[in-house]
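Reader: Hey, can you walk me through this one? I'm new to reading structures.

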Amino acid sequence: PGTMTAQKFAFVLSVAATLLHVVGVLARAAATQRVPWTNMYEFATTSSALVMVAFLVFSIKRTELRVLGTFVVSPVLLVLLLAQTFWIVPAAALTPSLQNSHWLIIHIGIAIIATALSILGAVVATLQLLQARHERALVEKTAAGEELPEHWGRFGHVLDRLPSSTVLESLSFRIHSIAFVCWTFTLIFGAIWAREAWGRFWGWDPKEVWTFIIWVIYAAYLHARATGGFRGSRAAGLALAGFVAVVFNYTVVNTVINGLHSYSGL
């Protein structure tokens with residue numbers, strides 16, 4: 001009693017780092033006098049902050065999930081590294097076409113929440129797959145009276161400390177369920193904004209198409225997860241396919257494929 005374990009210390013550090021991260025996002029908003037998500041750099045920093053906030057909220061309610069912290073912090077640090085290295089742009093005012101548009105706050109704000117939840121859900125789904133494989137190996141080797149295969153090494157001991165694959169699957173489903181709702185509203189609000197800005201609800205713009213593809217994949221995942229015979233690793237694989245589409249939409253579609261959607265300063 002009264003002593004701080006390594007896990008508690010790591011959690012406290014994560015809380016402190018997240019607070020500083022959020023302060024940085026707010027400072028960007030103060031410097032630009034607008035919402036801090038109008039280009040790839042700001043989208044990345046804001047969405048990664050939300051990933052940490054969501055994880056900490058889950059961890060406060062269920063302390064056993066804090067052991068997932070390393071696997072959540074790692075992709076957040078990767079996103080921040082990419083943002084600071086490749087996507088950073090000076091703080092600047094909005095282009096005239098985006099000024100005074102409430103849909104910028106609503107549509108992009110919901111998209112950021114959806115992206116953050118997709119990142120968190122992908123981390124949990126990946127761990128679910130690894131844990132399921134680890135559990136199968138344990139059962140097979142125990143039944144044969146053998147030791148755990150060497151290739152698991154120390155990572156096998158890490159997996160021993162994680163929640164079971166069943167618990168991870170349930171958590172992944174909850175996260176992706178909320179993410180799917182957010183992607184749905186991203187499409188709806190985007191269509192309404194497109195009607196106001198371009199005179200049509202849908203125009204087969206690459207960004208619109210890939211957002212719809214993301215929505216379809218996640219819809220398929222939720223439907224498959226509700227089907228008894230398509231749970232476990234197969235459902236997790238479908239969830240990860242949705243995340244691959246999210247990454248493609250955010251990177252390749254934003255930087256390579258020309259369309260009406262573009263990020264200022266890139």
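Reader: What does serine 47 touch, not counting residues up to four places away in sequence?
Author: Serine 47 touches Ile112 and Ala116, where contact means heavy atoms within 4.5 Å. This is a predicted model, where local features need pLDDT of at least 70 and side-chain atom pairs pLDDT 80 or more, while totals for chains, interfaces and linings use all residues. Residues are numbered from 1 along each chain as its sequence is written, and side-chain values use heavy atoms, with hydrogens and water left out.

Reader: Is serine 47 buried or exposed?
Author: Serine 47 is buried, at a relative accessible area of 3%. Buried means under 20%, exposed over 50% and partly exposed in between (1.4 Å probe, protein chains only).

Reader: And which helix is serine 47 in?
Author: Serine 47 sits in α2, residues 40-61. Helices are DSSP runs (H or I, at least four residues), numbered from the N terminus.

Reader: New topic: what does valine 72 contact, leaving aside neighbours within four places in sequence?
Author: Valine 72 is in contact with Val51, Met52, Phe55, Leu120 and Val123.

Reader: OK, what about phenylalanine 212, where is that?
Author: Phenylalanine 212 lies in helix α7, residues 206-225. At 39% relative accessibility, phenylalanine 212 counts as partly exposed.

Reader: Which residues of α7 are buried, then?
Author: Among them are Thr211, Ile214, Ile217 and Tyr218.

Reader: How far does α7 reach from its first C-alpha to its last?
Author: With 20 residues, α7 reaches 28 Å, close to the 28 Å expected at 1.5 Å a residue. The expected span is 1.5 Å times one less than the number of residues.

Note on methods
Helix = DSSP H or I, 4+ residues; strand = E, 2+ residues; numbered from the N terminus.
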